[in-house]
Amino acid sequence: VETIDGFECVRIKGPVTGKMTGNLEQQGMALLFDAKIDGTQTLYFAVKEGVLVKTETKSTFAGVITAGEPANMTIPMTGDMRSETHLIKK
């Protein structure tokens, strides 16, 4: 049990996996990206109030960017991501 933003919360931690895909165009060249995501998410839940107070996600990704004509090449990519979500009290 932890106190987060004035709430008595339980902490729930677990793995996060996923995939990031997409495409875009830069100066007329098509770019496709494809990556795998692995990380950890921590949830802080106030049981008495029945509300999710905060989430923290830390993950890494690794994959490739494929460039179309005229380059026709594959570029490796890696990175770190972090996000937080907080309950807003009114």
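Which residue forms a salt bridge with Lys-36, and how far apart are the closest N and O atoms? In this predicted model, the partner of Lys-36 is Asp-38, and their closest N and O atoms lie 3.9 Å apart. Lys-36 is exposed, with 54% relative accessibility, whereas Asp-38, at 32%, is partly exposed.

This pair belongs with a wider set of charged contacts. Side chains of opposite charge can pair when their charged atoms come close. The structure holds five salt bridges. One of them links Asp-34 to Lys-19, with 3.7 Å between the closest N and O atoms. Because Asp-34 sits in strand β3 and Lys-19 in strand β2, this pair ties together parts that are 15 residues apart in sequence. Asp-34 is partly exposed at 34% relative accessibility, while Lys-19 is exposed at 60%. Another salt bridge joins Lys-54 and Glu-56, whose closest N and O atoms are 3.1 Å apart. Here Lys-54 is buried, with a relative accessible area of 14%, and Glu-56 is buried too, at 16%.

The strands themselves can be followed next. Five of them form an open sheet with antiparallel pairing, in the order β1-β2-β3-β4-β5. Strands β1 (2-4) and β5 stand at the edges with a single partner strand each, so one side of each has no neighbour in the sheet. On average, and with direction ignored, neighbouring strands are turned by 20° against each other. Strand β4 (residues 51-67) runs antiparallel to β5, and 14 bridges join the two. Ile-65 stands opposite Ile-75 of β5.

Strand β5 (residues 73-86) is also the place of Arg-82. This residue counts as exposed because its relative accessibility is 55%, and the cut-off for exposed is over 50%. The side chains of Arg-82 and Glu-84 are joined by a polar contact of 2.8 Å. Leaving aside residues up to four places away in sequence, Arg-82 touches Thr-57 and Lys-58. Its C-alpha atom is 9.8 Å from that of Thr-40, a residue 42 places away along the chain.

The largest nonpolar core has six members: Ile-4, Phe-7, Cys-9, Tyr-44, Ala-46 and Val-53. Strands β2 (7-26) and β3 (29-46) each supply at least two residues of this core. Cys-9, one of the core residues, touches Val-1, Glu-2, Ile-4, Tyr-44, Phe-45, Ala-46 and Val-53, with residues up to four places away in sequence not counted.

Key: Residues numbered from 1 in each chain as written. Predicted model: local features only at pLDDT ≥ 70, side-chain atom pairs only at ≥ 80, totals over all residues. Heavy atoms only, no water. Core = buried A, V, L, I, M, F, W, Y, C linked by side-chain atoms within 4.5 Å. Buried < 20%, exposed > 50% of the residue type's maximum accessible area, 1.4 Å probe, protein only. Helix = DSSP H or I, 4+ residues; strand = E, 2+ residues; numbered from the N terminus. Contact = heavy atoms within 4.5 Å. Polar contact = N/O pair within 3.5 Å; in protein donor to acceptor, adjacent residues only side chain to side chain. Pairing = 2+ DSSP bridges. Axes fitted to C-alpha atoms, helices over the stretch in contact; angles between N-to-C directions. Salt bridge = Lys/Arg side-chain N within 4 Å of Asp/Glu carboxyl O.
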